[in-house]
Every structure is written in structure tokens, then in C-alpha cells.
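Subject: Structure for you to look at

Hello,

Here is the structure I said I would pass on. Please open it first; my notes follow below.

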Amino acid sequence: MTKVNTNVVDCGEHRFLQFNLWKDCNNNCEFCFYRGHKLLSNEKKISSINFVKERLLDLEESDFYNEIGFIGGEFFDNQIEDESVKKAFYKLFDILKDKRERGKLDRIYITTNLIFDSNRLLRPFLDYLKELNLLDITLLCTSYDLKYRFHNEKALQLWQTNMVELSKDYNTMIHTEIIVTQAFIDAVMKGTFNIEEFCEKYNTRIDYIEPSSGFYFYDKKECEKEVKDFFPKREDFLNFIQYTAIDNHWIDLTKFLSMRIRSDTLYCHLKGQWRKLEGRRSQYICPTLGLYNVTYENGYCDSKESMVEDVNAFLGSV
């Protein structure tokens with residue numbers, strides 16, 4: 001394993017360890033880092049889960065963290081339908097049950113796109129978490145956008161239905177990430193998307209993400225050719241901040257584009273080996289991308305100014 005030589009910062013009450021088990025996903029979003037990745041065999045999935053199991057059972061390491069997260073890819077479309085994979089995946093949460101009983105666990109994060117029939121794999125899994133007395137500290141994390149993620153009306157309706165019914169049936173809030181694209185800004189400013197109504201309808205909290213070219217595209221220009229209206233214009237972004245945060249108080253600028261949603265430490269499988277990435281909350285650019293030796297560009301389509309610094313300037317003026 002190659003260790004990235006940055007320091008873990010003890011964030012007081014919140015020390016977040018995250019595992020990227022695999023890149024398998026059913027949605028193939030045009031802008032996504034995992035677009036086009038080859039699906040893992042069941043044997044490799046179990047190997048990945050067993051690696052995570054070893055890390056969780058290493059109490060000297062895992063007990064430093066009181067928040068544990070799992071990201072894919074996806075887990076609940078068909079990725080854990082094989083019984084041996086599902087059994088191994090569930091075992092991770094048996095370990096977390098013990099961790100909670102020892103007073104070492106306050107929150108579990110599980111990422112899912114919710115574009116599938118939740119009755120097949122997700123609901124039985126949530127029922128299992130309830131049996132383990134873990135459901136009340138589990139936060140499902142999903143994503144939403146207005147242009148790129150939902151390839152047809154059926155996919156959108158699946159997401160909407162899952163958001164409403166899962167929240168009601170399991171009495172839980174589902175966290176939603178939204179990339180601040182030009183398309184999103186236009187919808188909010190034109191009144192076709194209302195932030196308050198969205199949060200109330202789906203009982204959700206929004207975390208806003210800065211758009212980036214990731215590592216599927218070489219740069220912004222190439223990304224913009226394939227993914228229209230992705231990177232925002234600077235003037236439009238500044239007007240959006242004024243309208244949503246200053247005029248209407250829909251957005252909390254102290255948390256907007258914040259690194260607080262990142263884990264302190266991430267284990268991920270890159271180039272055939274597991275890597276441990278630390279100090280992630282203190283870096284604007286995710287260190288995962290640097291391991292690919294590829295271009296990473298974020299921010300505006302028409303300016304080299306920083307979106308984060310522009311937000312900080314707003315904070316300093318109010």
C-alpha cells in the first residue's frame with residue numbers, strides 16, 4: 001500500500017474515515033469520474049470488502065474515527081445481489097455494531113444514487129441496520145441535478161419515489177449533493193427550481209459541490225463539449241450567491257462548497273493497489289486525482305478566479 005504523506009487532522013467531534021469499495025455503477029453519468037469503468041467480478045468485490053473488514057478490525061486505527069462512510073460506485077442496484085458478496089458486505093456492519101456499542105461510532109454514511117427498485121436490495125439492508133441498532137445513525141447520501149444524471153423520466157421518477165418513501169418509511173433524512181453547474185444556476189435564477197421547496201419535499205439537506213473536469217476529460221474545454229452548461233460563468237455565479245445566500249438566506253455560505261463533507265481519510269483502490277489518502281478536508285483539490293497524473297480543472301468556464309475565494313469574499317462583506 002502507498003501512503004500519501006499528509007497529516008490526519010483531529011477535527012474534534014468529527015473524525016471521518018471513508019472507504020471506496022468499487023467503481024461499479026449503473027448510471028454512467030457523463031461527468032462522473034467512474035464513467036466507463038469495467039465492472040468487478042464477485043471475487044474482487046469480496047476481496048475489496050475483506051480489505052475494509054481488516055481496516056475496521058484494526059482498532060488502533062479505526063477507533064480514532066467516530067464516523068465511517070462507504071462509497072462506490074453503487075451498492076444497491078445489482079452490485080451486492082450475489083449472496084456471497086451480500087454476506088461479506090453485511091459483515092462490515094456487524095463490526096460497526098460492536099464499534100457503536102463500545103461508544104466509538106456516531107455516524108455512518110452510505111452513498112447511493114437511488115435510481116433503482118429499492119425493494120430488492122436497499123430496503124432489506126436498511127431493515128438489517130435497524131436490527132443492529134444502526135439505522136438511527138445512518139445517513140444515506142445521494143446526488144441530484146437538473147440536466148445530466150437522469151437519462152429518462154423513469155430514472156427521475158425512481159429517484160423521486162425513493163426519496164419520499166424511504167424518508168417516510170425509515171424516518172430518516174437523506175443528504176443530497178448538487179453540483180453548482182451553469183444549468184443549476186440558471187434554473188434557480190429563473191425560478192424553475194426552488195431550493196426551499198426541494199428540501200422540504202424530500203426531507204433533505206443539500207451540500208453544494210464545485211464542478212470539476214475530474215479525470216474523465218482532459219480539461220474544461222473538452223468537458224464542456226460533452227457536458228453542456230456544466231462550468232458556470234463567474235458573473236452568473238456571483239449573482240446566484242447574492243440571490244440565494246444574501247437576499248433569501250436559502251444557502252449558508254459558511255458551509256457552501258465546504259470541505260466538511262469530505263472524509264479526513266479515504267481508502268481507495270487505484271492502479272491495482274489500495275491507497276490511503278489523508279488530510280483531505282484541508283485540500284481544495286481532492287488528492288485522489290493527483291494519483292492518476294491527469295489534468296484536474298474546476299471553477300468557472302470564463303475565469304481563472306476561484307469559486308471558493310469568491311465565496312469567502314462574500315463572507316467577508318456580510
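The model is predicted. I began with the cysteines. Cys301 has a relative accessibility of 40%, so this residue counts as partly exposed. Cys199 also counts as partly exposed, because its relative accessibility is 21%, and the cut-off for buried is under 20%. A search through the whole structure turned up 0 disulfides.

The rest of my notes concern helix α5, which runs over residues 153-170 and has 18 residues. From the first C-alpha to the last, α5 reaches 25 Å, close to the 26 Å expected at 1.5 Å a residue.

Which residues of α5 are buried? They are Ala155, Leu156, Trp159, Asn162, Met163, Leu166, Ser167 and Tyr170. These residues cover an arc of only 125° around the axis, and therefore lie on the same side of α5. An α-helix has 3.6 residues a turn, so residues three or four places apart point the same way. On the other side of α5, Lys154 and Lys168 are exposed.

What do the buried residues of α5 pack against? Their partners are the helices α4 (122-131) and α7 (195-202), together with the strands β5 (138-143), β6 (174-179) and β7 (204-209).

Last, the two ends. At the start of α5, Asn152 places a side-chain oxygen within 3.2 Å of the backbone nitrogen of Lys154. Just after α5 comes Asn171, with a positive phi of about 50°.

Regards

Technical notes: Residues numbered from 1 in each chain as written. Predicted model: local features only at pLDDT ≥ 70, side-chain atom pairs only at ≥ 80, totals over all residues. Heavy atoms only, no water. Helix = DSSP H or I, 4+ residues; strand = E, 2+ residues; numbered from the N terminus. Expected span 1.5 Å × (residues − 1). Buried < 20%, exposed > 50% of the residue type's maximum accessible area, 1.4 Å probe, protein only. Arc of directions from axis to C-beta. Contact = heavy atoms within 4.5 Å. Polar contact = N/O pair within 3.5 Å; in protein donor to acceptor, adjacent residues only side chain to side chain. Disulfide = S-S within 2.5 Å.
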